[in-house]
Every structure is written in C-alpha cells, then in structure tokens.
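Subject: Structure handover

Hi,

Here is the structure for you to open.

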Amino acid sequence: MAIEDDLNEAEQVERLFAWWRENWAWLLSGIAIGLLILIGWFWWTGRQEASAEQAGLLYRQLVAASDRNDFGRMEGLREQIDKDYASTPYADQARLLVARMYVETGEFEKAEALLRQVAQQSEDTELRAIAAVRQARVLIELGKPDDAIALLKPDAAGAFTGVQQDIRGDAYFAKGDMEAARVAYAAALAAEPALAPDARQIVELKLQDLAAEAVAAAPAQEQAAQ
C-alpha cells in the first residue's frame with residue numbers, strides 16, 4: 001500500500017511538472033500583463049492627480065486675477081486651462097468665471113460662447129444648468145429673446161424651474177408679450193422648490209409693474225376702441 005502511495009505521489013509530481021512545462025509561458029505572460037496593467041493604473045492616476053493639482057493652481061491664479069479686475073490675465077489663464085487641462089472640472093469653472101467678466105464688460109457675444117460651451121459639454125449636470133440660465137440671460141441682452149425661450153426647458157429643470165420661468169418672463173417682456181411674461185412670472189412664484197427670498201421679491205415686483213402698466217394702458221385702449 002505504501003509503494004502505491006509513493007507511486008501516486010510521484011505521478012502527481014510528474015503531472016505537476018508536465019503542466020508547468022506546458023503552461024509556464026502563459027502563466028508568466030499573465031503575471032506580466034497584470035503587472036503592466038497595475039503599473040499603468042498607478043501612472044495614470046498619478047498623472048490625473050498631477051493635472052488636477054496644476055489646473056487647480058492655475059484656477060486659483062485666475063480667481064486672484066478676477067479680484068484684481070485683471071481681465072487680460074484672466075483670459076490668458078482661461079485659455080491655458082482650456083488647452084492643457086480641458087478634462088478637469090476647473091476648465092468649466094474657468095469658463096464660467098471669465099464669462100461673468102465678459103458680461104461685466106459688456107462683451108456679451110464672448111460671454112455667450114463660453115456659457116454655451118459649458119451648457120452643452122460639461123459632464124456636471126448642475127454646471128450645465130447654471131450655464132444654461134446664464135446663457136439665456138445673455139441672449140436677452142443680445143436681443144435674442146426667442147433663442148433664450150427655446151433654450152430654457154422649465155418642465156425638466158428640477159431645482160432651476162423657478163429661475164428658468166423668471167428668465168422666460170424677462171424674454172417675453174423683451175418681446176413685448178406682456179401676458180406671456182405675466183404667466184411665466186406667476187409660474188416662477190409657484191415653482192417648487194421655491195425661489196430664494198430675494199429672487200422672489202424681484203419677481204413679485206415685476207408682476208406689480210406689469211399690473212401697473214396694464215392699468216395705465218387701459219384708458220388709452222378704451223379711447224382707441226371708441
């Protein structure tokens with residue numbers, strides 16, 4: 001019985017060596033590939049972290065330039081972030097900040113282009129929504145209220161429903177459609193979640209102004225009808 005056990009063990013060892021002779025190359029290749037994948041992963045994550053760190057540094061410089069109203073420096077930094085670190089979240093933040101600068105300086109076409117880029121391409125849904133409402137406001141400034149109305153989708157805006165309805169009201173007002181503006185402002189007040197208190201007060205004032213204009217216009221309309 002002991003001899004048979006020894007033979008079985010010998011056979012098992014021989015089979016193990018035979019398997020190793022047949023498969024060692026595949027086994028080592030698999031280990032090598034796994035190591036290469038692991039090394040590649042660490043290299044990629046390290047590079048991503050380094051890129052995010054550098055982009056963050058440039059963005060902080062951009063904010064500092066904004067505080068100084070150094071518009072030329074702001075645009076240069078924004079272009080550098082967009083060129084070298086477009087895949088980082090700082091690229092969208094830089095576009096929004098520089099777009100605000102363009103609004104302040106009355107360069108609405110440039111502001112609209114940057115806001116459109118964020119609204120259409122950002123991977124952050126909240127940033128897309130913020131950019132869209134700002135873009136709509138700029139379109140009104142550019143004399144394009146119809147484009148602003150087409151851009152806004154209050155039924156699918158979630159937390160931005162009230163804000164979008166408010167801007168739609170402004171767009172209709174710019175078109176001279178006072179009734180549509182009134183409806184939009186009323187929808188803004190009724191939206192959930194509710195507008196911030198200061199924004200709500202502004203919308204209420206807009207409705208009051210529309211009502212006052214309607215009262216003032218009524219005698220003239222009656223006289224014209226006679």
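A crossing is called left-handed if the near helix is turned anticlockwise from the far one by less than a right angle, and right-handed if clockwise. Helices here are DSSP runs (H or I, at least four residues), numbered from the N terminus.

This is a predicted model: local features need pLDDT of at least 70, side-chain atom pairs count only at pLDDT 80 or more, and totals for chains, interfaces and linings use all residues. Residues are numbered from 1 along each chain as its sequence is written, and side-chain values use heavy atoms, with hydrogens and water left out.

**H2 and H3**

The crossing of H2 and H3 is left-handed. Their axes come within 9 Å and cross at roughly 155°. (Axes are lines fitted to C-alpha atoms, for helices over the stretch in contact; angles run from 0 to 180 degrees between N-to-C directions.) H2 and H3 are therefore roughly antiparallel. The cut-offs: under 35 degrees is roughly parallel, over 145 roughly antiparallel, 65 to 115 roughly perpendicular, the rest oblique. H2 brings Phe71, Met74, Glu75, Arg78, Ile81 and Asp82 to the contact, and H3 brings residues including Tyr90, Leu97 and Met101. Contact means heavy atoms within 4.5 Å. By class, this contact has 10 nonpolar, no polar and 4 charged residues. (Ala, Val, Leu, Ile, Met, Phe, Trp, Tyr, Cys and Pro count as nonpolar; Asp, Glu, Lys and Arg as charged; the others, Gly among them, as polar.)

H4 (residues 108-121) and H5 (residues 125-141) have axes that come within 8 Å and cross at roughly 155°. This pair is therefore roughly antiparallel. The H4-H5 crossing is left-handed. Among the H4 residues that meet H5 are Phe108, Leu115 and Val118. The H4-H5 contact holds 9 nonpolar, 1 polar and 5 charged residues.

H5 also packs with H7 (residues 161-175), at about 10° with axes 10 Å apart. That makes H5 roughly parallel to H7. Val133, Ala136, Arg137 and Ile140 are the H5 residues here. The H5-H7 contact counts 7 nonpolar, 1 polar and 3 charged residues.

**Largest pocket**

The largest pocket holds about 220 Å³ of space. Its lining includes Asp92, Arg95, Glu123 and Leu127. Helix H3 (residues 89-104) gives the largest share, 4 residues. The lining divides into 3 nonpolar, 5 polar and 4 charged residues. A pocket is an open set of points on a 1 Å grid over the protein atoms alone, where a 1.4 Å probe fits, with protein on both sides within 12 Å along at least five of seven lines; lining residues have an atom within 4 Å of a point. Grid points are joined across faces, edges and corners, and volume is the space filled by probe spheres set on them.

Best wishes

Terms used. Helices (H or I, at least four residues) and strands (E, at least two) are DSSP runs, numbered from the N terminus.
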